[in-house]
Amino acid sequence: MKDAERIQFLINEYAKQGLMLPRSINSIYEHIRDFWVYEESGEILGVCALTIFWNDLAEVRSLAVDPKHLKRGIGTALVKKTLEEAKEFGIGRVFTLTYQVKFFEKLGFKVINKNSLPHKIWRDCINCVKFPNCDETAMEIEILKGEREQ
């Protein structure tokens with residue numbers, strides 16, 4: 001709970017630049033269990049959330065790294081942690097809506113059509129200032145594909 005304000009600060013710094021959606025402190029507290037934090041010497045340098053939508057679908061969201069600590073692998077470590085968690089839960093597909101396509105491609109995500117996502121996903125989009133003209137790219141990774149085929 002003590003991390004909520006720092007989580008919100010990091011996210012909203014990127015939101016001010018139009019690079020992600022802002023999050024209220026209430027939203028952070030409501031979803032605090034979704035968040036992973038990257039910490040060094042007691043300071044939170046990055047955050048990322050895994051939000052579960054259904055038995056086989058989750059979203060990586062709210063990935064934010066302190067700008068002073070970019071290019072150190074913090075974002076990669078956080079996304080990998082969320083994918084490990086999804087795998088532990090038996091969730092086979094993880095998606096993201098992002099402006100950072102190349103970053104997520106390096107992690108194995110593929111661009112998909114937003115319309116392929118279930119309508120339930122759009123519950124957050126309806127409240128977005130960019131709705132219905134979203135300019136983010138939808139991407140997805142299948143993390144249990146090979147295991148399901150065995």
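In the predicted model, strands E1 (residues 35-40) and E2 (residues 43-54) run antiparallel and are joined by six bridges; strands are DSSP runs of E with at least two residues, helices are runs of H or I with at least four, and both are numbered from the N terminus. Two strands are taken as paired if DSSP finds at least two bridges between them. Within this pair, Val37 has Val47 of E2 as its bridge partner. The two strands form a hairpin with two residues between them. Residues are numbered from 1 along each chain as its sequence is written. As the model is predicted, local features require pLDDT of at least 70 and side-chain atom pairs pLDDT 80 or more, whereas totals for chains, interfaces and linings use all residues; side-chain values rest on heavy atoms, with hydrogens and water left out.

Ser41 lies in the loop between E1 and E2 and has a positive phi, near 50 degrees, although the residue is not glycine. Ser41 is exposed, with a relative accessible area of 83%; exposed denotes over 50%, buried under 20% and partly exposed the range in between, for a 1.4 Å probe and protein chains only. A positive phi, near 55 degrees, is also found at the non-glycine residue Ser62. Ser62, however, belongs to strand E3 and is buried, at a relative accessible area of 12%.

E5 pairs with strand E6 (residues 137-142) in the antiparallel sense over two bridges, and Val111 stands opposite Met139 of E6.

Glu85 is found in H3 (residues 74-88). Leaving aside residues up to four places away in sequence, Glu85 touches Trp36 and Leu50. Glu85 is buried yet has no salt bridge, defined as a side-chain nitrogen of Lys or Arg within 4 Å of a carboxyl oxygen of Asp or Glu. The nearest side chain of opposite charge is that of Lys81, 8.7 Å away; Lys and Arg count as positive and Asp and Glu as negative, while His and the chain ends are not counted.

Definitions and conventions. Contact means heavy atoms within 4.5 Å.
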